[in-house]
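Please open the structure in a viewer and keep the selection tool at hand. The stops below say what to select next and what is to be found there.

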Amino acid sequence: MVNVLTMYMSLLRALMKLVGVKPEAVEIEPGTVMRFWVPSDQTTSNTKSRPDKPAVVFVHGFELDGILTWQFQVLALAKEYAVYVPDLLFFGESITDRKERKVAFQAECIAKGLRKLGVEKCSLVGMSYGGVVCFKMAEMYPDLVESMVVGCTVMAITESISRAALERIGFSSWSEYLMPDTVKGVKDLLLVATYKLPWMPDFVFKSILEVMFDNRKERLELLQELVVSDKDFIVPRFSQKIHLLWGGDDMIFNMEEARNLKEQLEGKATLQFIENAGHLVQSERPSAYNKQLKKILASLHEDGKKK
């Protein structure tokens with residue numbers, strides 16, 4: 001039987017081409033290649049700046065690759081912004097022979113890839129695991145990251161945050177939840193991640209399982225490096241403007257976590273909730289999410305012009 005997700009991804013690639021976005025493999029260093037979806041006229045050998053289009057970089061979570069996670073946002077924003085969508089290492093077509101699995105290495109590779117593509121300043125948009133990567137990028141590369149819009153995430157997954165989140169969703173570990181090996185496991189993952197999962201036949205979940213959960217060994221290693229001890233985590237000081245855009249019914253990082261994050265940022269962040277949406281808010285309620293995201297990005301761009 002033909003894998004329906006593979007068919008859909010072929011159609012999605014064609015649709016992205018129509019809106020001016022294409023995949024580009026960027027060699028970060030020998031042995032490390034990260035795939036980015038980039039403006040169609042952009043390559044590592046053609047890095048002309050796009051001053052009329054501010055750069056927006058979308059960073060995906062642990063569930064899907066970049067373009068599947070952010071497809072609705074790319075379609076909505078590609079006309080007004082220079083959109084970049086990386087696949088994190090061991091997702092999509094991004095790979096490394098390095099043994100490094102920490103969030104900081106993901107952040108480093110995205111930053112180096114953007115530099116190779118000629119991006120000097122950008123706004124980051126991230127969710128879940130991708131939001132953690134965004135916070136690390138903003139901390140490590142303040143000259144590159146001007147602002148962030150993140151949601152359903154935390155600055156770092158500390159032991160206490162991890163325990164509370166796993167207890168809420170009823171799983172014993174992140175690998176049990178995020179790396180399913182059965183159709184039921186994929187269905188359970190999406191049930192937790194959404195406010196109301198629409199009915200789909202089992203062959204759809206089977207297609208997701210077959211396509212989205214390769215590189216199992218390396219992804220399990222990523223999860224092993226994900227949780228940090230509470231005593232080792234120190235809240236960074238950020239220079240960027242930060243907006244928190246959240247699914248109001250997120251079970252994984254709930255409204256309490258969102259408010260705690262806003263408090264940690266000491267007045268530097270705004271917080272908005274989208275009702276009737278879970279962890280995958282950008283996919284579950286794309287119109288509502290895009291409406292808020294466009295407003296935020298427009299205000300950031302206007303503030304940038306005034307400087």
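**First stop: the end of helix 5**

Select Gly 170, which follows helix 5 and has a positive phi, near 80°. Helices here are DSSP runs of H or I with at least four residues, strands are DSSP runs of E with at least two, and both are numbered from the N terminus. The model is predicted, and therefore local features need pLDDT of at least 70 and side-chain atom pairs count only at pLDDT 80 or more, while totals for chains, interfaces and linings use all residues. Residues are numbered from 1 along each chain as its sequence is written, and side-chain values use heavy atoms, with hydrogens and water left out.

Now select helix 5 itself, residues 159-169, and display its side chains. Its buried residues are Ile 161, Ser 162, Ala 165, Leu 166 and Ile 169. Seen down the helix axis, these buried residues fall within an arc of 120°, so they line one face of helix 5; the arc is that of the directions from the helix axis to the C-beta atoms. On the other side of the helix, Arg 163 and Glu 167 are exposed. Buried means under 20% relative accessible area, exposed means over 50%, and partly exposed lies in between, with a 1.4 Å probe and protein chains only.

**Second stop: the largest nonpolar core**

In soluble globular proteins, nonpolar side chains tend to be buried together. Which members of the largest nonpolar core touch the most other members? Among its 105 residues, they are Ile 110, Leu 114, Trp 174 and Tyr 177. Such a core is a set of buried Ala, Val, Leu, Ile, Met, Phe, Trp, Tyr and Cys residues joined through side-chain atoms within 4.5 Å. Centre the view on Leu 114: leaving aside neighbours within four places in sequence, Leu 114 is in contact with Phe 36, Val 57, Tyr 84, Val 119, Cys 122, Met 137 and Leu 144. Contact means heavy atoms within 4.5 Å.

Select strand 2, residues 32-39, where 7 of the 8 residues are buried. Strand 1 (residues 21-29) runs antiparallel to strand 2 and is joined to it by 8 bridges; two strands pair if DSSP finds at least two bridges between them. Val 26 stands opposite Met 34 of strand 2. The hairpin of these two strands has 2 residues between them, and there Gly 31 takes a positive phi near 95°.

Strand 2 also pairs in the antiparallel sense with strand 4 (residues 82-86), over 2 bridges, and Trp 37 stands opposite Val 85. A further antiparallel pairing, again with 2 bridges, joins strand 2 to strand 5 (residues 95-96); here Val 33 stands opposite Ile 95. In the loop between strand 4 and strand 5, select Phe 90. Phe 90 has a positive phi of about 75° although it is not a glycine, and at 2% relative accessibility it counts as buried.

Move to strand 8, residues 241-247, with 6 of its 7 residues buried. Strand 7 (residues 145-151) runs parallel to strand 8 and is joined to it by 4 bridges, with His 243 as the bridge partner of Val 149. Strand 9 (residues 269-274) pairs with strand 8 in the parallel sense over 6 bridges, and Phe 273 is the bridge partner of Trp 246.

**Last stop: an enclosed space**

How much space lies in the largest cavity? The volume is about 110 Å³. On a 1 Å grid over the protein atoms alone, a cavity is a set of points where a 1.4 Å probe fits but cannot get out, and lining residues have an atom within 4 Å of a point. Grid points are joined across faces, edges and corners, and a volume is the space filled by probe spheres set on the points. Select the lining residues, including Phe 62, Glu 63, Ser 128, Tyr 129, Leu 226 and His 279. Helix 6 gives the most to this lining, with 3 residues. Trp 174 and Tyr 177, seen at the second stop among the core members that touch the most others, also line the largest cavity.

Note on methods
On a 1 Å grid over the protein atoms alone, a cavity is a set of points where a 1.4 Å probe fits but cannot get out, and a pocket is an open set with protein on both sides within 12 Å along at least five of seven lines; lining residues have an atom within 4 Å of a point.
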